[in-house]
Amino acid sequence: MPVLKREQARDVGDPSGLPKLPVPPLQQTLDMYLKCMSHLIPEEQFKKTKATVEKFGAPGGMGEFLQKKLLERNENKANWVYDYWLEEMYLSNRLALPVNSSPVMVFPKQNFRSQSDTLRFAAHLISGVLEYKSLIDGRALPVDYARGQLAGTPLCMDQYNKVFTSYRLPGPKIDTLVAQKSTVMPEPEHIIVACKNQFFVLDVVINFRRLNEKDLYTQLERIRKMADIEEERLPSIGLLTSDGRTQWAEARSVLIKDSTNRDSLDMIERCLCLVCLDEPSGTELTDTNRALLMLHGGGTDKNGGNRWYDKPMQFVIGADGCCGVVCEHSPFEGIVLVQCTEYLLRYMRGSPSKLVRAASMSELPAPRRLRWKCSPDIQTFLMASADKLQRLVKNLDMNVNKFTGYGKEFIKKQKMSPDAYIQVALQFTFYRYHGRLVPTYESASIRRFQEGRVDNIRSSTPEALAFVKAMANNSKITDAEKMELLWTAIKAQTNYTILAITGMAIDNHLLGLREIAKELKLDKPELFSDTTYATSIHFILSTSQVPTTEEMFCCYGPVVPNGYGACYNPQKDHIIFCVSSFLDSAETSSDFFVKTLEGCLKEMQDLCMKCNTEAKPTDSTERVDGTTKVMKNGSKS
């Protein structure tokens, strides 16, 4: 994911001046598809796929017809792929949101000495949220400009409008991304506070005045006391949102038969965001454990029910200092999450808490507990949801590792792109561990275009395979030749990145061709029923660069049962890797992957130090220090 710089203000979501996403040439996509898959499948299978692709792309054939229809669609839509992509990537996915879909941002551990410290932090954060929302509403956010490849291009700001105004509504077959743009419904002026698995309405605007920090603190204190009243406690309804989407849709349809439940759901669905006041987890708060707790709340016996996963932003504030954000991913990309959370952390550091000086409202109406009527059917759904969440918690295998051998500064001195270098390192790691390469997903922003979201950089290139084979297997190849192969792999990765961010990658295009055939009620083209296509979109390695300027890191789960999620955050002198997999897969191990990755990064450094004639001259002590650090860093952070 490209790093951003911020420049002069432009209307949020104003697409003027931004081009439409292009539809790539058909033959270019088909040729690239064959190149991307040729080395990842058996030779016989590839021959069959090549014939299928040639038939699809033949003059006057199905491919040309569908391409023409996509070009027509492009004439009539701001972004021809957006609806198809949103449905494919998120809304039609039936898996539970925690771990499988929702990424999280993990803050540094906070040192709360008392409950009042926790509530002060929460009040300060809510003030920051309201400040940030007013910037979005006032169209006063500075525009994002791309950095990295093709730096300086202005980016579409539309996603920011959805941060506090959207909601993912579960459906039996497909979810709906609801935007609060109705003129009938009032603008949301409340947040929902989750505490001890109970939900409370905290109005942030009363009598047309925004609550100051002192008032917010008072209201949070009241909520905390209300949550402590045991006889008032209701079942953990939030657990239902952690279930598979079809199961949650079914439970919700039963829930809304009662008017009390309908009112409660309406308040949650229209809120700005959630603030989850978590109980202490009772676990040592290592980076890895904080990541796990943020991803799933620790299950039903910890804070797993203290969530509402359909809302885009849930700010988690644990009494033990475990804090961060859980993000429902369908409305916006990780970079928007980063920009928002970095603003909040800077706000909290830069504006002193105003608890003492602020004048308080004389009469604050008490916050309101949301009520639920739970029929026996709902109790059954709750038990099933709780069981499913427990299994997910037990199955997740996570390793957050701070690699301290070197960081992006060393890579830049090699005249290489840090992102391309790390992607090649991940391919090297996978090959060394598993003896093969697999279809890999790296998200690439296409926000250079109107309503742009992402496309995929396919990092398991033939050039990467040539390099990793040379490194892993062939002692006859000289170091100078290996260095040449590394450069070729880096250049191939960089070139594909440029294709992706300029709208010329293959994944969105193939998706568009497939979906427009379905829309026209045509038989599925053979290209899309071929086993190679199914293999090509089964992303065993799902990766994303999420760089931050504040001390925090992003992580997420794997997207397939036998896969890895690999999120990384390159800093000047270290790289944070968050690697996830599932314990019930015999093929994967996050710990072993990370250990292998450290060794591969060290070998690549050794090779560059010996053979990279392009590198800038470097202080000889850096080499020694780098080696010492790597040797010492055998354990996880």
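Reply: Contact here means heavy atoms within 4.5 Å. The model is a predicted one. By that contact criterion, Gly63, Leu66, Gln67, Lys69, Leu70 and Arg73 of helix α3 meet His509, Gly512, Leu513, Ile516, Ala517 and Glu519 of helix α16. By class, this contact has 5 nonpolar, 4 polar and 3 charged residues.

Me: What makes α3 roughly perpendicular to α16?

Reply: Helix α3 (residues 62-76) and helix α16 (residues 507-519) pack at an angle of about 95°, and their axes are 9 Å apart. Angles of 65 to 115 degrees count as roughly perpendicular, so the term applies to α3 and α16.

Me: Why is serine 101 called buried?

Reply: Serine 101 has a relative accessible area of 16%. Buried means under 20%, so serine 101 qualifies. Serine 101 is found in the loop between α4 (82-91) and β2 (104-106), and touches Tyr90, Ala96, Arg168 and His329, not counting residues up to four places away in sequence.

Me: How do you know that aspartate 228 forms a salt bridge with lysine 196?

Reply: The closest N and O atoms of aspartate 228 and lysine 196 are 2.7 Å apart. The criterion is within 4 Å, so the pair is a salt bridge. The pair ties together parts that are 32 residues apart in sequence, because aspartate 228 lies in the loop between α6 (213-227) and α7 (245-255) and lysine 196 in the loop between β6 (190-195) and β7 (198-203).

Me: Why is arginine 270 called buried, and why is aspartate 266 called partly exposed?

Reply: Arginine 270 has 12% relative accessibility, which is under 20%, so arginine 270 counts as buried. Aspartate 266, at 28%, falls between the 20% and 50% limits and therefore counts as partly exposed. Their side chains meet in a salt bridge (3.1 Å, N to O).

Terms used. Residues are numbered from 1 along each chain as its sequence is written. This is a predicted model: local features need pLDDT of at least 70, side-chain atom pairs count only at pLDDT 80 or more; totals for chains, interfaces and linings use all residues. Side-chain values use heavy atoms; hydrogens and water are left out. Helices (H or I, at least four residues) and strands (E, at least two) are DSSP runs, numbered from the N terminus. Buried means under 20% relative accessible area, exposed over 50%, partly exposed in between (1.4 Å probe, protein chains only). Axes are lines fitted to C-alpha atoms, for helices over the stretch in contact, and angles run from 0 to 180 degrees between N-to-C directions. Angles under 35 degrees count as roughly parallel, over 145 as roughly antiparallel, 65 to 115 as roughly perpendicular and the rest as oblique. Ala, Val, Leu, Ile, Met, Phe, Trp, Tyr, Cys and Pro count as nonpolar, Asp, Glu, Lys and Arg as charged, and the others, Gly among them, as polar.
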